[in-house]
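Student: Hi! I'm new to this one and would like a walk through it. Can we start with whatever term I need for talking about helix lengths?

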Amino acid sequence: MKKNLTLCALLALFAASPAFAADKLRMGIVVKIGGIPWFNAMEAGIKSEAAKRGIDAWQVGPTAADPALQVRAIEDLIAQKVDIIGVVPNDPQVLEPVLKRAHDAGIKIITHESPGQKYADWDFELIDADTHGINHMKALAQCMHEEGQYAMYVGSLTVPLHQQWTDAALKYQQQHYPRMQRVTDKFGVGESLDSSVRTTNELMSKYPDLKGIMAFGSQGPIGAGRAVLNRNKTQQICVIGAFSPGQGQRCKPDHRSAARRRPRSLYRQGRPGRFRPVCPPPSGKNRL
């Protein structure tokens, strides 16, 4: 039976287990995509906690948010005969066969953002999924004055938890804010800065009365905010989403924002960043 635990509790459980007491645990964690601030911060946390607990743990970051690349990474970890595999799936169904092979080889499997993942032993989450989505909708509604058109971004259309967040947000909007309308289906662009910028530009052109964007996936709010800023629509369009402090701290709420909390505190508390994007021009690729 799959258990839901915190990652620290899982590491402590493995470290104390007689089955693993003789040798140093080896754990590989496969994330959605490497090289972006969100997962860079995750990698630093993995290294720090592993050092504290005497575990050999490392992160594998594919070059693109492609489930096929995650399959290859997991196959490599199976070949290395690690004790534990952690994964943040881009597509749970695509990973099922390779996770079965890992499971059959006696490797323990931990997932994140995929509560229903087949062949996983444990799943850990940082927040209540429905509450997280509802809080984003409350923030968006406040910023939009509870009326007007908005769009939704997710990291990928195949990430289960992102679907749950947006479904909860949409349901809450329909029940409590009838004057708000989602203009079209969700966009799976939130893990790509360039795709988020491009999609936001297209939406602003197609829907001149657009008033809000709710973005899940750490690059979604940043890309949407940059596009809105470039169109000089920071007073017309609200951008709502959670993002990593290293990027988000350079987007400051202006005096008409729905909230005045710093992005760093919002990130740590698991709350959506609520701001009219006011960002400096980019100083390099994938930077604000």
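Predicted model: local features only at pLDDT ≥ 70, side-chain atom pairs only at ≥ 80, totals over all residues.

Student: OK, how far does helix α8 reach from its first C-alpha to its last?

Tutor: Helix α8 covers residues 193-206, which is 14 residues, and spans 20 Å. That is close to the expected 20 Å.

Student: Which residues of α8 are buried?

Tutor: The buried ones are L193, S195, S196, V197, T199, T200, L203 and M204.

Student: What caps the N-terminal end of α8?

Tutor: S192 does, with a side-chain oxygen 3.1 Å from the backbone nitrogen of S195. S195 is also on the list of buried residues in α8.

Student: Let's switch to α5. How many residues does that helix have?

Tutor: Helix α5 has 13, running over residues 92-104. Its reach is 18 Å, close to the 18 Å expected.

Student: Where does α5 bend?

Tutor: At V98, by about 35°. V98 is one of the buried residues of α5, along with P92, L95, L99 and A102.

Student: What do those buried residues touch?

Tutor: They pack against helices α4 (67-79) and α7 (160-176), and against strands β4 (84-87) and β5 (108-112).

Student: What happens at the two ends of α5?

Tutor: At the start, a side-chain oxygen of D91 comes to within 3.1 Å of the backbone nitrogen of Q93. Just after the helix, G106 has a positive phi of about 85°.

Student: New topic: how many disulfides does the count come to?

Tutor: One. C143 and C238 form it, with their sulfur atoms 2.2 Å apart.

Student: Why is that disulfide called left-handed?

Tutor: Because the torsion about the S-S bond of C143 and C238 is about -90°. C143 sits in helix α6 (residues 129-143) and C238 in strand β10 (residues 238-241), so the pair ties together parts that are 95 residues apart in sequence.

Student: Are those two cysteines, C143 and C238, buried or exposed?

Tutor: Both C143 and C238 are buried.

Student: Last one, zooming out: how many helices and strands does the chain have?

Tutor: There are 11 helices and 11 strands. Of the chain's 288 residues, 50% count as buried. The chain exposes about 13200 Å², and carbon and sulfur atoms supply 50% of that area.

Key: Residues numbered from 1 in each chain as written. Heavy atoms only, no water. Helix = DSSP H or I, 4+ residues; strand = E, 2+ residues; numbered from the N terminus. Expected span 1.5 Å × (residues − 1). Bend = angle between axes of the 7 residues up to and from the residue. Buried < 20%, exposed > 50% of the residue type's maximum accessible area, 1.4 Å probe, protein only. Contact = heavy atoms within 4.5 Å. Polar contact = N/O pair within 3.5 Å; in protein donor to acceptor, adjacent residues only side chain to side chain. Areas by Shrake-Rupley, 256 points an atom, 1.4 Å probe, with all protein chains shown as cover. Disulfide = S-S within 2.5 Å.
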